[in-house]
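Please read the following walk through the structure with the coordinates open beside you, and check each contact against the atoms as it is described.

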Amino acid sequence: MIGAIWTWLTSTSSWSGDDGIPHRLLQHAGYSALVLVVAAAIAVPLGVWIGHSGHGRSLVTVANSLRAVPTLGLLFALTLVLQPHLQGNTAFLLPCVIALVLLAVPPILSGAYAGVEAVDPAARDAAKGVGMRPREVLRHVELPCALPLLMSGLRSAALQVIATATIAAYVGLGGLGRYLVDGIATNDYPRTGGGAVLVALFALVADIVGALVQARVVSPGLTGKGRRLARVDHPTVPSGATAS
Amino acid sequence: MIRFDGVTKTYADGTTAVDDLSLTAPTGKITVLVGPSGCGKTTTLRMVNRMIEPTAGTILIDGQDTAAMEPAAMRRGMGYVIQHAGLFPHRTVLDNIGTVPRLLGWDRRRTRERSLDVLERVGLSPDLAGRYPAQLSGGQQQRVGVARALAADPPVMLMDEPFSAVDPVVREQLQDEFLRLQAELGKTILFVTHDIDEAIKLGDQVAVMRVGGHLAQMAPPARLLARPVDDFVADFVGRDRGYRALGFRPTPKLPLRAEPTLVVGESPSDMSGQWCLVVDDRRRPLGWVRPGDLRGPVTVADLNRGGTVAVQGGSLRATLDAALSSPSGRGVIVDPTGALVGTVLAPEVVALVEEDRVTQAEAGSSP
């Protein structure tokens, strides 16, 4: 079986044309990116606001309960309801994006909220006390301090979305899910297995990229690195990100 | 000058945190607000920079009503130091210190130069500039907190229990350096603490507050110890206040007795003698030994280090304590370099205390 999957993965025909791996991967990445951008645009400002103001904490609970909704079922339901009102590709894409956004919002919302909420009250009090206006407190203190949790939320959402975006194939869209759906339909198990391997690899690579971005944007003062005394022999002076 | 005029803070639930408070914190002096928890001292402090808005009354800074100022702009002109320092964990020490200058729109270079300057002022090495707060000890964090407050050179400093969260030894160091710094800078400081010893040590004047936000007494520390206005203040300033008041009296010139000394490695000439003082090669006292206990030349392990050492011309409290704590009963007096000058007996110091009291009473200037 593993040999068959390997053969499928390495054959030239798997890598060319509209059903080739590069094209399917690109589609998959496209759906995932679109979903994550939309979800982040909703969940980050909302989570930050809840954490900053302390209002609407129940929204986080409600969002988390949404995790219980099965995405595939939701996709079919949304397609049935929305399709008659929509034209062409959008008729399939929109339900798919909505279903996946609902999957991605809870982890991002929780991360953003918990990150801002967890900012040391003394640091927040000091920020206000030295003369920062509410916006400045948010920009210079709360957001940078919230980044570790905010980034974990985003990475966790990315993993789930990449893994689940395979369902797009059920409603006739592309992406790596095509190999799973088509492979099962035609009893072409090497194709199904190969698709699964590709999804897993893609998710892994995306998470590594996320980890690299996180290491770059999060201040060393908030992570293990900045807590280790060994580093102090090389004083680093203000990088643009933290010094404004 | 910070002036409170009939200031009251009542919360929505009806509790009164501060009740009709009027007091003045003079320019260039340290005014300490002290009292038990719930006395409204922190609320009082936080009303100055409008972190809490007063319900009634006015607070004037150099004659200007704070209610008419824009809060954020006003806060940039006041140093603010809080109990756990409240440093920004994601910023380096240098960037923490430069916070207010940057808010005021200074350029990076000027902010950096000023921050390094202030870092040294508060007694920290420039090597720490690139560290993050989590890499600092509690005492170092508190110093950075003070440096951050000083960075834009504000005339007024608000300090809310800044030294309470560190251990007693570090606290004492921080207090001493704070006094040294204030002697150089002469800021108008409002300082909150629950520790009456800290209040008495640091305050040019001390305002004792009682629960319910009432001012019980406002006086210079020596007067507070000598003349508490009521039982509450008397209780609060503590039972050994007679002794502590001696901390404000300089020791007049007193006859010292010469003290025979030994250095480590020497054997006493008179083995039957009572306590002998051991000094180092620069005549700095190390401790006492009893020749009868020795089995040979003096070693470091033989030393009794129980006695405190008083600097000549220091407070009567330090001088008396040196005598009382010395195992030989002879208090060790040193010059400012730490070298032995002589010793003094407790009755001699007590006689001085009495003499000092009589002189003060005759001069009519009893504190």
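In this predicted model, the axes of helix H12 (residues 316–325) of chain B and helix H13 (residues 346–362) of chain B come within 8 Å of one another and cross at roughly 155°. Because an angle over 145 degrees counts as roughly antiparallel, H12(B) is roughly antiparallel to H13(B). The crossing of H12(B) and H13(B) is left-handed. On the side of H12(B), the contact is made by Leu316(B), Thr319(B), Leu320(B), Ala323(B) and Leu324(B), while H13(B) brings Ala346(B), Val349(B), Leu352(B) and Val353(B). Sorted by class, this contact of H12(B) with H13(B) holds 8 nonpolar residues and 1 polar residue, with no charged residues.

Two packed helices are described by the angle between their axes and the distance between the axes. For helix H1 (residues 2–10) of chain A and helix H9 (residues 189–217) of chain A, the angle is about 75° and the axes lie 8 Å apart. Angles of 65 to 115 degrees count as roughly perpendicular, and H1(A) and H9(A) are therefore roughly perpendicular to each other. H1(A) takes part in the contact through Ala4(A), Ile5(A), Thr7(A), Trp8(A) and Leu9(A), and H9(A) through Pro190(A), Arg191(A), Gly193(A), Gly194(A) and Val197(A). The residues of this contact of H1(A) with H9(A) divide into 6 nonpolar, 3 polar and 1 charged.

Chain A as a whole has 10 helices and 0 strands, and its C-alpha atoms fill a box of roughly 65 × 45 × 25 Å when taken along the principal axes. Where chain A meets chain B, the contact takes 29 residues from chain A and 31 residues from chain B. Helix H6 (121–129), helix H7 (134–164) and helix H10 (224–227) of chain A each supply at least two residues of the side of chain A that touches chain B. Which of the helices gives the most to that side of chain A? The answer is H6(A), with 6 residues. By class, the side of chain A that touches chain B has 16 nonpolar, 8 polar and 5 charged residues.

Chain B, for its part, is divided into domain 1 (2–248) and domain 2 (261–354). Taken over C-alpha atoms, the centres of domain 1 of chain B and domain 2 of chain B are separated by 39 Å. The contact between these domains takes 5 residues from domain 1 of chain B and 5 residues from domain 2 of chain B. On the side of domain 1 of chain B that touches domain 2 of chain B, the residues divide into 3 nonpolar, 1 polar and 1 charged.

The sheets of chain B can be followed strand by strand. Strands of a sheet pair through backbone hydrogen bonds, either parallel or antiparallel. One open sheet of chain B is formed by 3 strands in the order S11-S12-S13, and its pairing is mixed. Strand S11 (261–263) and strand S13 (285–289) of chain B stand at the edges, each with a single partner strand, so one side of each is left without a neighbour in the sheet. From one strand to the next, the twist averages 35°.

S11(B) and strand S12 (residues 276–279) of chain B pair in the parallel sense over 3 bridges, and Leu262(B) stands opposite Val278(B) in S12(B). S12(B) and S13(B), by contrast, run antiparallel and are joined by 4 bridges, with Val279(B) opposite Pro285(B) in S13(B). The hairpin of S12(B) and S13(B) has 5 residues between the strands, and in this hairpin Arg283(B) takes a positive phi near 65°.

Another open sheet of chain B is formed by 4 strands in the order S2-S1-S4-S5, with antiparallel pairing. Here strand S2 (16–25) and strand S5 (64–65) of chain B are the edge strands, each having a single partner strand, so one side of each is left without a neighbour in the sheet. The bridge partner of Ile61(B) in S5(B) is Gln64(B).

Conventions
Residues numbered from 1 in each chain as written. Chains lettered and ligands numbered in written order. Predicted model: local features only at pLDDT ≥ 70, side-chain atom pairs only at ≥ 80, totals over all residues. Domains from an automatic or database assignment. Contact = placed C-beta atoms within 7 Å. Nonpolar A, V, L, I, M, F, W, Y, C, P; charged D, E, K, R; others polar. Axes fitted to C-alpha atoms, helices over the stretch in contact; angles between N-to-C directions. Parallel < 35°, antiparallel > 145°, perpendicular 65-115°, else oblique. Left-handed = near helix turned anticlockwise from the far one by under 90°. Pairing = 2+ DSSP bridges.
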